[in-house]
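Welcome! Here is a short tour for anyone opening this structure for the first time. Please keep the view at hand as you read.

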Amino acid sequence: MPDLAGRTAVVTGPTSGLGTATARELARAGARVVLAGRSPDKLDATTAEITAAVPGADLDRLVVDLASLGSVRTAAAEAARLGPIDLLVNNAGVMATRARRTDDGLDLQMATNHFGHFLLTGLLWPQLVADGGGRVVSVSSFMHTRARHAPLGDPRTPPRRYSRWGVYAQTKLANLLFTYELQRRAEAAGAPVRALAAHPGYAATHLLSYGQTGRGTGGLASILNAVASATAQSADDGALPTLMAATADLRGGTYCGPSGFSQLRGLPRPVGSTKLARDPEAQRRLWEISEETVGLGWP
Ligand SMILES: NC(=O)c1ccc[n+]([C@@H]2O[C@H](COP(=O)([O-])OP(=O)(O)OC[C@H]3O[C@@H](n4cnc5c(N)ncnc54)[C@H](OP(=O)(O)O)[C@@H]3O)[C@@H](O)[C@H]2O)c1
């Protein structure tokens with residue numbers, strides 16, 4: 001990790017799993033890290049946890065519920081006080097939750113994993129370009145390979161049959177379509193921001209238990225967490241591809257993941273993505289749908 005003193009990094013979903021590890025290591029490298037989470041109590045606990053591991057860590061916070069477009073707008077307005085932002089890590093996510101619509105009429109998984117981050121990135125864009133070297137890193141998944149098609153329908157019309165895992169795969173495909181289109185648009189606009197993506201392989205976090213039970217611990221959630229701990233790599237190791245995408249000297253559009261068998265674990269390296277993820281028409285169309293859905297045209 002290079003020295004990040006003087007840099008500002010915003011990390012979404014810092015209150016658990018990969019986000020905590022990512023935020024902690026960015027802080028250890030000297031960055032001012034802005035913890036962007038939805039629960040003030042959990043932000044307090046994460047602040048204490050990171051400070052215990054990295055005494056003197058420079059931490060700030062933003063309260064944001066990514067499943068609410070209004071909350072994202074409020075948080076972005078508050079973020080104006082931060083000044084230039086060097087790094088935005090779009091890490092927060094939910095996986096395979098039950099069919100649920102948000103107050104904005106969007107699918108919960110699509111709202112949290114894609115639309116909330118699309119709006120947040122767009123609203124923070126002026127601060128990301130301000131210092132001439134910003135980066136946006138979005139956390140995708142090997143599950144993007146399971147998406148049969150891109151999420152290009154009307155996002156406010158519920159599907160006839162809901163596939164929890166199918167929608168999750170589409171949200172992770174959306175993270176890559178977003179990254180590649182953002183990189184193209186930033187280049188076209190001459191904006192000095194790089195867009196990269198990462199995936200952790202399979203890492204022991206609360207993602208599975210939260211998606212299946214609606215909570216991170218207790219009862220079935222604890223059993224699922226124990227299974228993940230026994231079979232997956234650690235959250236710290238899972239955060240390495242994100243940290244590589246965030247800090248290594250890489251071109252915009254690079255996707256980092258683990259180098260081991262089936263990209264499930266191991267040290268990070270640049271990896272490939274599916275033909276569907278690299279489809280420029282799908283990238284363009286998702287961008288247009290996203291602009292319309294969140295009510296913001298950018299860059
Ligand atoms: N773990 C894996 O094996 C794996 C594999 C592939 C991809 N990923 C991706 O990695 C990312 C991080 O997941 P994780 O494994 O670290 O899971 P995790 O332990 O469940 O952490 C998820 C984080 O997202 C936050 N979050 C969820 N909904 C939110 C909302 N509406 N607004 C704001 N924050 C919200 C959670 O906040 P709360 O603490 O408040 O719930 C938590 O901080 C996700 O994008 C996931 O898709 C993980």
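Predicted model: local features only at pLDDT ≥ 70, side-chain atom pairs only at ≥ 80, totals over all residues.

With the cut-off in hand, take A96: its relative accessibility is 0%, so it counts as buried. You will find A96 in the loop between strand 4 and helix 4 (108-129). Its phi is near 55°, a positive value in a residue other than glycine.

Now try Q263, which sits in the loop between strand 7 and strand 8 (268-270). Q263 also has a positive phi, about 55°, although it is not a glycine. Is Q263 buried or partly exposed? With a relative accessible area of 22%, Q263 is partly exposed.

## The ligand and its surroundings

Let us turn to the ligand. There are 29 residues around it, and those that come nearest are T15, S16, Y168, A203 and T205. The shell is made up of 13 nonpolar, 12 polar and four charged residues.

On its own the ligand would expose 900 Å², and the protein buries 95% of that. Two elements give two or more residues to this shell, namely helix 1 (17-28) and helix 5 (164-189).

## Strand 2 and its two neighbours

Next, look for strand 2 (residues 32-37), which is mostly covered, with five of its six residues buried. Strand 1 (residues 8-12) runs parallel to strand 2 and is joined to it by five bridges; here A9 stands opposite V33.

## Strand 6, enclosed by the rest

Why is strand 6 (residues 193-198) described as largely enclosed by the rest of the structure? Five of its six residues are buried, so the strand is largely enclosed. Six bridges link strand 6 with strand 5 (residues 134-139) in the parallel sense, and R194 is the bridge partner of R135. Together, strand 5, helix 5 and strand 6 form a right-handed β-α-β unit.

Strand 6 also runs parallel to strand 7 (residues 255-258), and two bridges join them. Opposite A198 you will see C256 of strand 7.

L82 lies in the loop between helix 3 (69-78) and strand 4 (87-90). Its relative accessible area is 4%, so L82 is buried. Along the chain L82 and G295 are 213 residues apart, and their C-alpha atoms are separated by 24 Å.

Finally, look in the segment after helix 10 (280-294), where P299 is found. W298 and P299 are joined by a cis peptide bond, with omega about 10°.

How values were computed
Residues numbered from 1 in each chain as written. Heavy atoms only, no water. Near = heavy atom within 4 Å. Areas by Shrake-Rupley, 256 points an atom, 1.4 Å probe, with all protein chains shown as cover. Helix = DSSP H or I, 4+ residues; strand = E, 2+ residues; numbered from the N terminus. Nonpolar A, V, L, I, M, F, W, Y, C, P; charged D, E, K, R; others polar. Buried < 20%, exposed > 50% of the residue type's maximum accessible area, 1.4 Å probe, protein only. Pairing = 2+ DSSP bridges. Right-handed = clockwise from strand over helix to strand, strands pointing away.
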